[in-house]
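Hi there,

Here is the structure I promised to pass on. Please have a look, and then read my notes below.

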Amino acid sequence: YYNQLGEGREVILLHGWGYDSSLLMPLAQFLSAFCRVTLIDLPGHGQRQGGPEELTPWQVVPELQRVFGQLRARWSTIALYATSMGAWFSMLALPSGELERCLFVSPVLDMGLLIEKMMGWVDVTPERLEREGEIPIEQGEILSWRYYTYAREHPVTRWDSPTSLLFGEKDHLTDLETAQSFAERFHAHLQIRA
């Protein structure tokens, strides 16, 4: 997978929630031997911790589209490596097949479904979430009606870039059925690891 990513001239590396680009530094160093690498810190993570931006799709998606546009102006071939929420944000930002190839590791493929799963973990109903707007849960996470509504109104219905999914069979955020359905709908290669 990693060698295939590096065949492009430019590779974007994008982390998920709770991590930052420093986690991807070993991969960036490996890939930089044969291509250019762009590491991105999402809002509230890494060098952007404490900044004014929020880790929301209405903030991140336009930002990724701008970054991609800038890179596209300089490089004809761009690949993407994204984990967790980084994959979901990428699919919202770049659905039209402009990436040469993608590798998603433990990706969030259906954010609406994930939020519903999280609501079930803490016994929160959609009605309560709508009424309260935001509900703090464990580890600094917040269930948000606005975020949930956005996720439901913006499902991934198109993804045209050649993609491989590396999926952990014990992944507790995305279930195997969701990963298999995604792979079938978008002709992605799915590899399951124990």
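Predicted model: local features only at pLDDT ≥ 70, side-chain atom pairs only at ≥ 80, totals over all residues.

Residues are numbered from 1 along each chain as its sequence is written, and side-chain values use heavy atoms, with hydrogens and water left out.

The protein chain has eight helices and eight strands (DSSP runs numbered from the N terminus: H or I of at least four residues for helices, E of at least two for strands). Its C-alpha trace spans about 50 × 40 × 30 Å along the principal axes. Buried residues (under 20% relative accessible area, 1.4 Å probe, protein chains only) account for 47% of the 194 residues.

Which residues of helix 7 does helix 4 meet? M85, W88, F89 and L92 in helix 4 meet Y147, Y150 and A151 in helix 7 (contact means heavy atoms within 4.5 Å). Sorted by class, this contact has seven nonpolar, no polar and no charged residues (Ala, Val, Leu, Ile, Met, Phe, Trp, Tyr, Cys and Pro count as nonpolar; Asp, Glu, Lys and Arg as charged; the others, Gly among them, as polar).

Helix 7 covers residues 145–153, and helix 4 packs on it at an angle of about 55°, with the axes 12 Å apart (axes are lines fitted to C-alpha atoms over the stretch in contact, and angles run from 0 to 180 degrees between N-to-C directions).

Best wishes

Methods. Buried < 20%, exposed > 50% of the residue type's maximum accessible area, 1.4 Å probe, protein only.
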